[in-house]
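Subject: Structure for you to look at

Hello,

The structure is attached here for you to keep. My notes on it follow.

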Amino acid sequence: MIVLEAINLWKLFRTTIALKDVNLKLDKGLHLLLGPNGSGKTTLLKIWCGLLKPTRGKVFVKEKYIPWKQRHIIMKFMGVLFEDNNIPWWISGRDYLEFIAREKNIKWSEVVELAHCLNITSYWSKSIRSYSSGMKKKIILLSALIGGNEILILDEPYTLLDEAAVKELNKIIIEKKTEYEAILISSHVFTGIEEYIDSLTVLLNGKIVFHGELPELRKTEEILYECKVENPLNLIDKLYREGIEEIEIRGNKVYFKSKQKPEWIKQYECKELIDVKKLYEEIISYERS
Amino acid sequence: MKIPRLSFLTLLILLLLPLAMLFYYAAVNDAGKVHGLTIGPGLPSCDVHEFELYMLASKGDKVSLDVSVSDTPWTYNVTYMDLLTGEKYSYIQTYYSVRAPTPVFIVPRTSLYYIKLYVSFPGKHNGTCTAQLTASIEQTIRYEVINRTPYYLLILILLAFITEYIIRRKHVKSSAKLTLFIWEFKYMGLWIFSLVTLYTYALFYLDYPSSINSISYIWVISHPIYFGKKPDYILIYLLILASMVTMTYTYSWEAKFDRITDLLPITRVKKFFVKLSSIIMASYFPLVFVSLMIYLMWVPDLVFTSMFIKVYLLELLHYLVILFCILSFTLPPAIIISRVNVSLVLSTIPFMLLYLNSHRIPREWYIFDLRLLTKNSQVDLLLITLFQRDLLKEWYMIQQLGYLIFYLIVFVIIVLVLLMIYRIKESP
């Protein structure tokens, strides 16, 4: 089933074109939307959430819901995070989360569990005015995570978060990947979540300049392999013999890139990773040139 | 020791406790206050001069009717009638000086009284005679109110306990609408405005009635409380309402707090109406609460009569019309304009200017005469017409009713137009 769909989508803010003829279909899985600032990522997400009305074209959620008309239905199963979300600073983070949990019929114990993971409980009873930007971001992030059980849309979830929080968030997203129909993350930073994505979309100046599903990407792109080995020397020796020289060793993990999958790789405990960062940079520089 | 967190509702009930102290303070400190009213002289004639008055008096109040005439001898014939029991108290005396001391009437029980006074000049049928009446009431200590205050405090504390007990025991299933109400009241601070309305109105109720309400042909000494509206309270009410409306619609939008509720499973139409009804609840119920509390504490005997219930319902309807009228002015800028500073100015200034300059408005523009909302006390009038006349046969009442209906229609139209604007603005 197509979870999120945009057909010939245009969005104009007076004379500014935010989205130009966007056609995109996202199935079940974890999707990454990349693009530099002002490329139209947030606008596209806001249209899918029903916060903006398309100027032209069609948008669907789960093949049948028209977001700007049926936002109240969509919000029953969609959790959303936007950078410009604001919470009243005179209440406490806990009060705010209680409000969201009550509305979304979420058990308080589930909220507490996630709050522990993101290390929120230590400060959530204080008033929001005393929070740092990162602390506030975590509260808003948690409200999005508890906000829906089928679709999760996260716009720039990593900004303002420290390294530990980024790791914890990625862990939560990877865990939730199987529970949700679709998770869509828009970002312009690379935090490691790109290793787990099912599709990649790149937006530039309101246009989709790249969209690829993971199996397709594996066929066309150079794949980064991550192999867990007890004795890295054996594997390095094999790789040199194959003519692969760009090798990196981190503890008991060996990383190397190859366009073709070596046959002997099955003997090892290896994961196929795509170097999304490199791919993204190539796309952007190509499009700009 | 960890202090248990009290629920929002319990705290709100407990915040009403000072209200009882306010009534108590007024009951003790206003003793000795004199309220006066002068009528006449009417057309110079030596026929019988007739004066009619109504008063809401408490037990122990001292009423005196000071009459001065232009000719002697003259006869003074006064009847006090308790409108609740039908009991009558009369006094007749002939005087030979132009001004004479008349007996003081000590009110036997708290009630609404009808006073009828005849001044006649025996033996004179032609010529010019004038008569002028000055009625005054000296207020006594309100022992009834003082006695009731502890009960009131006790009821509030008990109510707070019961509310807290129910909230802790019962898990109320939340609906999106209820959640939005909670959001507006608890988190966006509408409760503060509600409390401000409650206390400012209570202060006006107790302090500002000047005891006199003069309508062209019926005289009422409203004492110790004033039936109807407090003329200038409407301006304070306007400021409270404008702030409330601006905060709920404009500020929430400008500061992006609205985004939180945008992401709740609730339609835009419902969201609009929940916001509007939160404002109406926060501004209307304090008036109902204060007026009812004052009536219950000061004149309980009157409260449980069917006549009073009818009058009180009309009074409540009147408050509602005032509220709708103010909202018709404050809502459009709050919804159309996205900046608080501009919206707040535009919400208050037009109504204020129109209200303060109502006397300059030509009679043909009758519908814009905002002072009609407060100047003439329809409720006083209703009270009297309910006793003596058929309400709907009074031309004045029909005129007033038309005026009220007009404002209701205007309000409904404005709300519908604004709803459309709000829907477009929500999803640009």
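What percentage of the residues in chain A are buried? Buried residues account for 37% of its 289 residues. A residue counts as buried if 20 or more other C-beta atoms, placed from the backbone, lie within 10 Å of its own; it is exposed if 12 or fewer do, and partly exposed in between.

Some housekeeping. This is a predicted model, in which local features need pLDDT of at least 70 and side-chain atom pairs count only at pLDDT 80 or more, while totals for chains, interfaces and linings use all residues. Residues are numbered from 1 along each chain as its sequence is written, with chains lettered from A and ligands numbered from 1 in the order in which they are written.

Chain A

Chain A has nine helices and 13 strands, taken as DSSP runs numbered from the N terminus (helices H or I, at least four residues; strands E, at least two). Its radius of gyration is 21 Å, close to the 19 Å that the globule rule gives for 289 residues, so chain A is as compact as a globular protein of that length. The radius is taken over C-alpha atoms, and the rule is 2.2 Å times the number of residues to the power 0.38.

The domain assignment of chain A gives domain 1 (4-87 + 146-217) and domain 2 (221-288); such bounds come from an automatic or database assignment. The C-alpha centres of these two domains of chain A are 29 Å apart. Their contact takes 11 residues from domain 1 and nine from domain 2, where contact means C-beta atoms, placed from the backbone, within 7 Å. On the domain 1 side, β8 (199-204) and β9 (207-213) of chain A each supply at least two residues, and β8(A) has the largest share, with three.

Where chain A meets chain B

Chain A gives 22 residues to this contact and chain B gives 20. On the chain A side, α3(A) contributes the most, four residues. By class, that side has 11 nonpolar, five polar and six charged residues. Nonpolar here means Ala, Val, Leu, Ile, Met, Phe, Trp, Tyr, Cys and Pro; charged means Asp, Glu, Lys and Arg; the others, Gly among them, are polar.

Chain B

Helix α10 (residues 306-336) of chain B has 31 residues and spans 45 Å from its first C-alpha to its last, close to the expected 45 Å, which is 1.5 Å times one less than its number of residues. α10(B) has a kink of about 35° at Thr330(B), shortly before the proline Pro332(B). The bend is the angle between axes fitted to the seven residues ending there and the seven starting there.

Regards

Conventions. Two residues are in contact if their C-beta atoms, placed from the backbone, lie within 7 Å.
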